[in-house]
Amino acid sequence: MKTLAILAAGIGSRFGEGIKQLESVDDHGHIIIDYSIHDAIAAGFRRIIFIIRHDIEADFRAVIGERIESLCALLGVEVAYAFQELADIPGEVPEGRKKPWGTGHAILACDGLIDSPFVVINADDYYGPSAFQSAYEALSEARDDDRRRYMMV
């Protein structure tokens with residue numbers, strides 16, 4: 001089963017007010033993640049992991065999580081959540097540090113959730129259907145010892 005991991009924990013310090021990955025991009029209230037999930041499912045991905053922070057969980061679930069979970073349940077697609085936490089590192093967090101640690105740290109938050117080939121995307125980027133199709137095909141061709149068992153679009 002191929003997994004789509006969505007990096008959605010970012011703060012977006014240049015964005016201003018609100019949570020950028022939850023902003024509507026059309027007149028129907030869709031957000032960019034809606035398009036990515038649609039394209040990924042059409043390509044064959046059957047597990048979605050949202051990587052978020054606990055402090056945005058309620059808003060995230062209200063804007064997209066509950067809706068996507070219901071839709072995915074009808075389509076046989078699993079949905080899970082991983083939580084990227086600033087303090088979830090070995091050692092002490094440097095004084096004044098407020099932002100998450102980045103992509104590598106976010107993927108580590110998925111420990112125990114990913115056991116198959118996976119692709120990572122940013123929640124606030126649009127990729128288009130062909131990107132997901134290409135990623136799915138590359139992951140499908142990967143052998144167990146192949147480095148292509150994971151990728152970032």
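In the predicted model, a salt bridge joins the side chains of Arg 47 and Glu 78, with N and O 3.1 Å apart. Arg 47 belongs to strand E2 (residues 47-52) and Glu 78 to strand E3, so this pair ties together parts that lie 31 residues apart in sequence. Arg 47 has a relative accessible area of 10% and is therefore buried, the cut-off being under 20%. Glu 78, at 38% relative accessibility, counts as partly exposed.

The whole structure holds six salt bridges. Side chains of opposite charge can pair when their charged atoms come close. Another of these contacts is found between the side chains of Glu 57 and Arg 61, at 2.9 Å from N to O. Both residues lie in helix H2 (residues 57-75), where they are four residues apart, or about one turn of the helix. Glu 57 is partly exposed, with a relative accessible area of 22%, and Arg 61 is partly exposed as well, at 24%. Arg 61 also forms a salt bridge with Glu 69, and the closest N and O atoms of that pair are 3.2 Å apart. Glu 69 is partly exposed at 29% relative accessibility. Elsewhere, salt bridges that share partners link Arg 47, Glu 78 and Asp 115 into one network.

The protein contains four helices and five strands, and from the N terminus on its elements follow the order β-α-β-α-β-α-β-α-β. The five strands form an open sheet in the order E3-E2-E1-E4-E5, with parallel pairing. Strand E3 (78-83) and strand E5 (150-152) stand at the edges with a single partner strand each, so one side of each has no neighbour in the sheet. From one strand to the next, the twist averages 20°. Strands of a sheet pair through backbone hydrogen bonds, either parallel or antiparallel. Strand E1 (residues 3-7) pairs with strand E4 (residues 118-122) in the parallel sense over five bridges. Within this pairing, Leu 7 stands opposite Asn 122 in E4.

Of the 153 residues in the protein, 40% are buried. Among them are Cys 72, at 0% relative accessibility, and Cys 110, at 2%. A search of the whole structure for disulfides finds zero. The protein exposes about 8,600 Å², of which carbon and sulfur atoms supply 51%. Among contacts between residues at least 6 apart in sequence, 71% join residues at least 24 apart.

Technical notes. Residues are numbered from 1 along each chain as its sequence is written. This is a predicted model: local features need pLDDT of at least 70, side-chain atom pairs count only at pLDDT 80 or more; totals for chains, interfaces and linings use all residues. Side-chain values use heavy atoms; hydrogens and water are left out. Two strands pair if DSSP finds at least two bridges between them. Helices (H or I, at least four residues) and strands (E, at least two) are DSSP runs, numbered from the N terminus. Axes are lines fitted to C-alpha atoms, for helices over the stretch in contact, and angles run from 0 to 180 degrees between N-to-C directions. Buried means under 20% relative accessible area, exposed over 50%, partly exposed in between (1.4 Å probe, protein chains only). Contact means heavy atoms within 4.5 Å. Accessible areas come from the Shrake-Rupley method with a 1.4 Å probe; for residues, only the protein chains shown count as cover. A disulfide is a pair of cysteine sulfur atoms within 2.5 Å. A salt bridge is a side-chain nitrogen of Lys or Arg within 4 Å of a carboxyl oxygen of Asp or Glu.
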